[in-house]
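Visitor: I would like to learn how to read the features of a structure like this one. Could you take me through it step by step?

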Amino acid sequence: MSKISYPLNKILTAIARRHLLKDALTDEEMAGHELDDAERAALKAGDIARLYELGANPYLIRRVFRRRFTI
Amino acid sequence: MAEIVAAALTSHAPLITGRPDVSKPEQRDRLYAGFHELRRRLAATRPDLLVMFVNDHLQNFAYDNLPAFCVGLAASYDAPSEGGAKLMRMAPRKIGGHPAWAMALLEGGLAAGIDFAYSYEIESWDELSVPLHFLMPEGDVPIVTVYTNCAAPPLPTPRRCREMGAFVGGFVRSRPPRERIALVGTGGLSHWVGTPETGRINPDFDRRVLDHVVRGEVEPLARLTRDEIEREGGNGGQEIRNWIALLAAVPGWRGEVLAYEPVAEWITGCATVWVHP
């Protein structure tokens with residue numbers, strides 16, 4: 001069973017449901033979310049591999065950070 | 001007894017309609033031809049309802065509330081919504097639902113021990129929008145949806161999906177004889193989406209699945225574990241649960257593969273299959 005981060009998935013779901021594409025998230029966009037330091041850093045960097053390691057759902061990673069994928 | 005007049009299985013992927021330009025023309029044309037032939041055969045059966053085994057992609061059911069199985073009671077479905085339409089490059093449209101029929105399915109399931117959740121509002125992503133773009137461009141036949149969680153583990157087991165599908169098949173046959181019901185399952189085949197292996201496709205896995213479908217064998221598919229599917233078919237391969245449910249609804253029926261193309265540019269092993277007695 002893969003790791004699941006509820007805070008990561010919660011913020012990514014909110015963005016995905018608005019059909020927004022991001023390269024990275026800003027501090028302002030993350031304000032009010034209960035993310036830990038590693039999660040904030042990965043979102044701020046748009047680090048899709050790290051987000052997967054930290055427990056973000058891959059469908060949400062793909063939806064939000066689509067432009068980060070080479071394919 | 002109502003008649004199951006048709007059954008079809010297809011892949012779904014937003015790039016099938018969203019980026020036809022990036023695929024190899026010969027692969028795209030063969031797959032589109034498969035969709036068109038499915039449409040022709042489906043229309044010829046004159047269904048008055050499509051029951052669709054599909055899965056969400058966290059558009060509707062996210063980590064605050066994740067049903068294993070959910071019956072759509074929506075009066076209409078965004079298939080796609082304006083937002084989704086941009087990515088899938090199709091016009092936004094509404095497809096009519098059939099809330100009364102869906103409620104009967106829901107109540108029947110709960111009475112039989114299939115603990116469906118239900119939803120009055122569903123925004124379709126590619127699970128409905130892309131297959132229906134090809135299969136029902138007129139959008140003139142109402143749909144009832146049965147959503148299975150294939151995208152946010154832990155997932156219902158393939159075995160449980162077989163049981164759910166068998167219930168749906170039995171329920172359809174218990175309906176009044178005047179009803180003409182078609183079944184459609186969408187999803188798969190192998191694809192890795194959003195993971196470090198994004199873009200991988202495993203044609204060997206896909207052919208094994210299709211071989212079972214052609215022989216009408218649901219049991220070997222129902223015996224697969226989540227880990228086996230993940231390893232061989234990727235996280236997107238988990239969507240074969242929708243295929244398993246459909247096959248279980250029509251025991252003894254066999255698949256005829258109209259098209260199979262591992263389309264690297266669409267990051268999906270894509271198939272269209274007609275399922276018949």
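Guide: Let us begin with helices: the expected span of a helix is 1.5 Å times one less than its number of residues. Helices (H or I, at least four residues) and strands (E, at least two) are DSSP runs, numbered from the N terminus. This is a predicted model, where local features need pLDDT of at least 70 and side-chain atom pairs count only at pLDDT 80 or more, while totals for chains, interfaces and linings use all residues. Residues are numbered from 1 along each chain as its sequence is written, chains are lettered from A and ligands numbered from 1 in the order in which they are written, and side-chain values use heavy atoms, with hydrogens and water left out.

Visitor: How many residues does α2(B) have, and what span does it reach?

Guide: α2(B) has 20 residues and reaches 28 Å from its first C-alpha to its last, close to the expected 28 Å. R46(B), with a positive phi near 50°, follows the helix.

Visitor: Which residues in α2(B) are buried?

Guide: Buried means under 20% relative accessible area, exposed over 50%, and partly exposed in between (1.4 Å probe, protein chains only). In α2(B) the buried residues include L31(B), Y32(B), F35(B) and L38(B).

Visitor: How do I read aromatic pairs?

Guide: A pair of aromatic rings is described by the distance of the centres and the angle of the planes. Rings of Phe, Tyr and Trp (its six-membered ring) pair if their centres lie within 6.5 Å; planes under 30 degrees apart count as stacked, over 60 as edge-to-face and the rest as tilted. Over all chains, there are eight aromatic pairs. Y32(B) and W266(B) have ring centres 6.3 Å apart and planes at 20°, so this pair is stacked. The pair joins distant parts of the chain: Y32(B) is in helix α2 of chain B and W266(B) in the loop between β9 and β10 of chain B, 234 residues apart. With 17% relative accessibility Y32(B) counts as buried, and W266(B), at 0%, counts as buried too. Ring pairs also link Y32(B), F35(B), F134(B) and W266(B) into a cluster.

Visitor: What lies over the face of W125(B)?

Guide: A charge sits over a ring if NZ of Lys or CZ of Arg is within 6 Å of the ring centre and within 35 degrees of the ring normal. R63(A) lies over the face of W125(B), 3.9 Å from the ring centre. In chain A, R62(A) lies over the face of F69(A), at 5.1 Å.

Visitor: How many residues does each chain give to the contact?

Guide: Contact means heavy atoms within 4.5 Å. Chain A gives 20 residues and chain B gives 33 residues. Buried area is the accessible area (1.4 Å probe) that two parts lose on being put together, summed over both. Here the two chains bury about 2,200 Å², 61% of it on carbon and sulfur atoms.
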